[in-house]
Amino acid sequence: MIDVILRKILGTKHERDVKRARPVVDAINALEPELQRLDDAALAAKTPELRARLADGAELDDLLPEAFAVCREAARRKLGMRHFDVQLIGGLVLHRGTIAEMATGEGKTLVATLPAYLNALTGRGVHIVTVNDYLAKRDAQWMGPIYEALGLTVGVIQHEASFTYDPAYVTPDVRVAALRPIGRREAYLCDITYGTNNEFGFDYLRDNMRFTLDELVQRELHYAIVDEVDSILIDEARTPLIISGPAEESTELYYRIDRIIPKLKRAATIVEGKLSEIEAQRAGDFIVDEKSRTVSLTEQGVASCERLLGIDNLYDPQHIDALHHVHQALRAHALYKRDVDYVVKDGEVIIVDEFTGRMMPGRRWSDGLHQAVEAKEGVRIERENQTLATITFQNYFRMYDKLAGMTGTAETEAEEFAKIYKLDVTVIPTNRALLRVNAPDVVYKTEREKFDAVAADIIARHEKGQPVLVGTVSIEKSERLAALLKKRGVRHEVLNAKHHEREAEIVAQAGREGAVTIATNMAGRGTDILLGGNPEFLSKEVMRKKGLDPATAPAEARAAALVEARRITEPEHQRVVERGGLHIIGTERHESRRVDNQLRGRSGRQGDPGSSHFYLSLEDDLLRIFGSQRIQKIMDRLGMEEGEPIEHRLVTRAIATAQKRVEQHNFEIRKHLLEYDDVMNKQREIIYRMRREVLEGESQAERIADWIEELLVSTLDAYAPESAHPDDWDLAGLGEALHRQFDVRIPPARFEEVTSRQGLEELVDEAVKTRYAERERELGPELLRALERHELLIVIDQQWKDHLLSIDHVKEGIGLRGYGQRDPLTEYKKEAFDLFEDMHARLQAAVVERLFKVQVVREAPIAMPTMTAWADARESRGELPAGGPAPSIASGPVPTATAPRPSARPATAHKVGRNDPCWCGSGKKYKKCHYLQGG
């Protein structure tokens, strides 16, 4: 109650944020008359002027009003689009590193130009992140003229190509008009770079697998503006980015296991956290928990599997792989549905994004699940992959110095944005008042009744000419509704993961008179629905009817087609407005309120009329799993008849409660994933920092000297502990270890002369030091330093890959620690730390051994391996070809300079200790200076 009163007096947080921005907007508007008087050259000259002021010590905030005003003037001249005041507020919010929630059709693409221009003045680069390649390319072409007029360069990162915006570049293909192909590194060096979250993330991982600085493509991560920020930072955050290579495991076991699954009988389904009373009575082999998406074998099921597989004990350690595959195959058959969770296309299982309905080629489920689905569908099984590099979107985007985002729906996820990314959300008011009418939900007893009601509503509106957009949660449901409409003779378009190549064109025309469009989740489509139709897309249809290809048609034909399209759309727009605008029908509530809001938000853009109505049934997944019993009781109490819906605020409240519970559950999953990845992130930072130091050419002599010393001490401790008597030392074992590790042979007679641990240390030190000095004389200092860097990179990558595999194995079973009253996360942190320490010790030992023993071809200097075939991945997930990189020796002349003799060490009265200052006066410790140079 107090909160309500305070909101009425003080306004909401968003209203206060907007109010604080008003003076800045007034300052920007005050500059407009002055800038309008400038010619194009004088306007472009503002960019170097602002950069000079920045170099002289001005802050970005000091330049903001003028920079925004300059950008707005350039947009007005080049695109005929002048930023509204609310768009200026949106730009200000983005510049401050906040999320701007702006309704669909409010011009978010144009808003991003303001903070992008301002922050690009620093010369450190701005990334604008989109949800797919089409939008990255489209936005760069659309907004490119603004940046080009102001003297900024624009890059575009695509899955298999990269471009820069160049209006002088001529190509017959209009799809890449003004986009000149360039190298990926050049695209990242542009002032503003458009690309997808996947491409930015994978390029970061690939950069940390390269072997020379010249191969790196990304520079520092300075500032990112994420479009559809809720889709990228929340919906996709449950799936980490993984670069993987094929493992050695055979695929035969998957087929063998899949053959027995249809012979197992489903025992029960868990609903609302307990066994359904009816199904619990049934005997069977496995139980399905739809809420947590798990499957477990019953005792009878274990016996059935053992009999079918010819195994005595499924839980015997030697059969643990078979048990794991049985569980994954059960999940594939019981929980993962074709045309809902995945589609089969060209003999390949492709995952469907549950939030956007898009196919995700290249993405694969981990832990053998994808292979189990492939076996179920009878397609070729790809070998299981081994992780070579991985990062979550959360940890990738948190590396940017400044992060901002924009979307139509962020308010419901404000808590997660704040906790995970430290991002606030500000709701920006619409430019024109929202006129959309949102009808209350109606609930039917069965899905059949619901779809009949939906079809009746569609037919009624279609007959009067009102356009209808129908949202479904899966491909299966969209095709079911499409079949129903086809039977009743209603023309319609279907947009789902099977047809997403045409998605922009289908969505663009969803506002035409009498149009009926059925679409899976509408998140992030990125194309405005214009009432009466989109003339730009309609012009392409006009050209096709004339036998012209829109991509290669001459400019005159394109201009004529656009004029013809406008003659159709303009009068049609008026008729659609009179009929009530676009009507949205939701056939099911999504797990997230935000996705429902995205669907609703397609109607009522820029003050257009519109309406929305959601139809539900007790058989919908959300209500069935999370709230059906409560709503069923309400319906029974009210005595509802078949075909008669319920429309009551209690029902709406129960549905909202169910959605909140699912949202919280999904948030916990993402938070859980991040907590585990945070452990890996610290280790990743250490390894990648070490790699970067090597790539940057820093001498590794000090690090190698430390490692040799540490390895020497640990070797001595293993064979000649200080606490043991000299008679108990294993000197024969020590001699073998020294030869194996340091390529040093010490005669047994020399060992027998030693009577103390200190004496033994001096003897071994001297032998190892002499051997390394010989290596330096053999190879020359320059070649040895190159060899150190080369071996470090090779061994780091090998050990890191093995470490990631070990971590994957730890993750698989760590959850079981909870049964022993131990926190799995704490246990995981301990084990991950121990594994990292072990990996680091192996890394040191392997590098040192290779440096003492590796043979170098004398006709050529050492060269780093290249990443061309290895890291430039075949698919967007970065799957690598088998074999990996091999150290290569570049051809070229042998360095002619001979290794300089170490300067003579002056005579001293006492032995110089390894940690004493070096006698040469360099200021370094002796062990890091002349110790390894025979001095």
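1. Asp677 counts as buried, because its relative accessibility is 6%, where buried means under 20% relative accessible area, exposed over 50% and partly exposed in between, computed with a 1.4 Å probe on protein chains only. This residue is found in helix H27, which spans residues 649-695; helices here are DSSP runs of H or I with at least four residues, strands are runs of E with at least two, and both are numbered from the N terminus. When residues up to four places away in sequence are not counted, Asp677 touches Thr392, Asn395 and Arg684, contact being defined as heavy atoms within 4.5 Å.

2. On the basis of these values, the model is a predicted one, in which local features need pLDDT of at least 70 and side-chain atom pairs count only at pLDDT 80 or more, while totals for chains, interfaces and linings use all residues. Residues are numbered from 1 along each chain as its sequence is written, and side-chain values use heavy atoms, with hydrogens and water left out.

3. Val226 lies in strand S7 (residues 223-227), and its relative accessibility of 0% places it among the buried residues. Leaving aside neighbours within four places in sequence, Val226 is in contact with Val129, Ile232, Phe397, Leu403, Ala404, Gly405 and Met406. Val226 and Thr196 are 30 residues apart in sequence, and their C-alpha atoms are 9.2 Å apart in space.

4. A search of the whole structure finds 58 salt bridges, a salt bridge being a side-chain nitrogen of Lys or Arg within 4 Å of a carboxyl oxygen of Asp or Glu. One of them joins Arg180 to Asp166, with the closest N and O atoms 3.0 Å apart. Arg180 lies in strand S5 (residues 179-181) and Asp166 in the loop between strand S4 (162-165) and S5, so the pair ties together parts that are 14 residues apart in sequence. Arg180 is partly exposed, at a relative accessible area of 33%, whereas Asp166, at 18%, counts as buried.

5. Which parts of the chain does the salt bridge between Glu513 and Arg579 tie together? The side chains of these two residues meet at 3.5 Å, N to O. Glu513 lies in the loop between helix H21 (503-508) and strand S22 (516-520), and Arg579 in the loop between helix H23 (555-578) and strand S23 (582-586), so the pair ties together parts that are 66 residues apart in sequence. Glu513 counts as partly exposed at 28% relative accessibility, and Arg579 counts as partly exposed at 28%.

6. Glu778 forms a salt bridge with Arg771, the closest N and O atoms being 3.3 Å apart. Salt bridges that share partners join Asp743, Arg771, Glu774, Arg775 and Glu778 into one network. Within the pair, Glu778 is partly exposed at 38% relative accessibility, while Arg771 is buried at 14%.

7. Helix H13 (residues 252-260) and helix H15 (residues 320-334) have axes that come within 9 Å and cross at roughly 60°; the axes are lines fitted to C-alpha atoms, for helices over the stretch in contact, with angles running from 0 to 180 degrees between N-to-C directions. H13 and H15 are therefore oblique to each other, since angles under 35 degrees count as roughly parallel, over 145 as roughly antiparallel, 65 to 115 as roughly perpendicular and the rest as oblique. The contact is made by Leu253, Tyr254, Ile257 and Asp258 of H13 and by Asp321, Ala322, His325, Val326, Ala329 and His333 of H15.

8. The axes of helix H19 (residues 447-463) and helix H20 (residues 475-487) come within 10 Å and cross at roughly 55°, and the two helices are therefore oblique to each other. Glu447, Arg448, Phe451, Asp452, Val454, Ala455 and Ile458 in H19 meet Lys477, Arg480, Leu481, Leu484 and Leu485 in H20.

9. For the chain as a whole, there are 34 helices and 24 strands, and buried residues make up 53% of the 935 residues. Of the contacts in the chain with a separation of 6 or more, 73% are between residues 24 or more positions apart.
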